[in-house]
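Visitor: Before we look at any detail, could you show me the model and then take my questions one at a time?

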Amino acid sequence: MSKQRIVEIENVSYKYEREWVVQDVNLTIEEGQFLGLVGPNGSGKSTLIKLMLGLVKPRRGSIRLFGQSIKQFKNWQEVGFVSQKANSFNSGFPATVLEVVMSGLVSRIGMFKFFNRKHRDKAIQALKTVGMEQFSNENIGDLSGGQQQRVFIARALVSDPSLLILDEPTVGVDAEHVTEFYNLLGRLNKEEGITLLMVTHDIGTITEHATHVVCMNKTVHFHGASEEYEEFSEQDLNRLYGHSVHQLTHNHEHHGVNPHD
Ligand SMILES: Nc1ncnc2c1ncn2[C@@H]1O[C@H](COP(=O)(O)OP(=O)(O)OP(=O)(O)O)[C@@H](O)[C@H]1O
């Protein structure tokens, strides 16, 4: 049986002002995939995500979510989102970890309703999933960047989404915790069956975790299984990024080069 199409983007273009920043993008994400979205700075990755979240409307083309036109789509609790800046709370920010996670339920229960025991249990369950339940009563700002990021994943998970979108979630996570973080995402994908779309600059390590990779620079230059992406040549990447990058693949220990160099 064919898998459900979670996201279908057809000939989508977008410009904020005069210049097209997303151009003729076609992309389908199927149920169960863990898709890594890579591309140079300013290549339109975050804009493409805003389009998928309905935060901006395509100037051209169409988007379907769970088989339904985004114009009619209402089941937003099916879509979890963790933004780029989620993990940058200063200490002293007046919210506990549990409150932050429960705030993920606001769209479901409405802003002015009170949280009840069931909501609290749901939030604790989400914190357990990301291994952070022991921090429930801590202030969010007292946690490290990596811990905050886990809390924001719990916040996105609290409404039981089928699709989780993450914009550069490893920014601000200590290098030694990045693997652990990817393991968590892998678990959500394989064990909880959540379809994942993750924007990342980790072009060297993404194939170790994602099942599929999309490489974009305004338009999609590559979309395929992670194994195929490893065949995508260094010249192709250099052309796409406009400067020299060493392709970091499963064998990245042979290179050890930062893709931003
Ligand atoms: N709100 C905005 N108004 C005008 N231009 C914008 C706006 N947001 C982004 N842009 C421009 O759109 C282009 C694409 O930006 P976008 O943030 O989507 O790229 P990105 O691939 O996510 O970049 P990065 O990897 O640096 O986060 C850039 O040229 C950016 O300057």
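Visitor: How many helices and strands does the protein chain have?
Guide: This is a predicted model, and what follows is computed from its atoms. Of the 261 residues of the protein chain, 37% count as buried, and among contacts between residues at least 6 apart in sequence, 69% join residues at least 24 apart. As for secondary structure, the chain has nine helices and 10 strands.

Visitor: Which helix gives the largest share of the shell around the ligand?
Guide: The residues surrounding the ligand include Tyr 16, Glu 17 and Val 21, as well as Gly 44, Lys 45, Ser 46 and Thr 47. By class, this shell holds two nonpolar, seven polar and two charged residues. The largest share, three residues, comes from residues 45-52, that is, from helix H1.

Visitor: Which strands stand at the edges of the open sheet of four strands, and why is one side of each left without a neighbour?
Guide: The strands of this open sheet follow the order S2-S1-S4-S5, with antiparallel pairing. An edge strand has a single partner strand, so one side of it is left without a neighbour in the sheet. The strands in that position are S2 (20-30) and S5 (68-69).

Visitor: What angle does the direction of H1 make with that of S2?
Guide: S2 pairs with strand S1 (residues 5-15) in the antiparallel sense over seven bridges, and Val 12 stands opposite Val 25 in S2. Helix H1 packs on this sheet, where it touches S1, S2 and strand S4 (60-65). The direction of H1 makes with that of S2 an angle of about 60 degrees.

Visitor: Which residue in S7 is the bridge partner of Gly 80?
Guide: In strand S6 (residues 79-82), Val 79 and Phe 81 point one way while Gly 80 and Val 82 point the other way, and all are buried. S6 and strand S7 (residues 163-167) run parallel and are joined by four bridges. In S7, the bridge partner of Gly 80 is Leu 164.

Terms used
Residues are numbered from 1 along each chain as its sequence is written. This is a predicted model: local features need pLDDT of at least 70, side-chain atom pairs count only at pLDDT 80 or more; totals for chains, interfaces and linings use all residues. Helices (H or I, at least four residues) and strands (E, at least two) are DSSP runs, numbered from the N terminus. A residue is buried if 20 or more other C-beta atoms lie within 10 Å of its own, exposed if 12 or fewer, and partly exposed in between; C-beta atoms are placed from the backbone. Two residues are in contact if their C-beta atoms, placed from the backbone, lie within 7 Å. A residue is near a molecule or strand if its C-beta atom, placed from the backbone, lies within 6 Å of it. Ala, Val, Leu, Ile, Met, Phe, Trp, Tyr, Cys and Pro count as nonpolar, Asp, Glu, Lys and Arg as charged, and the others, Gly among them, as polar. Two strands pair if DSSP finds at least two bridges between them. Axes are lines fitted to C-alpha atoms, for helices over the stretch in contact, and angles run from 0 to 180 degrees between N-to-C directions.
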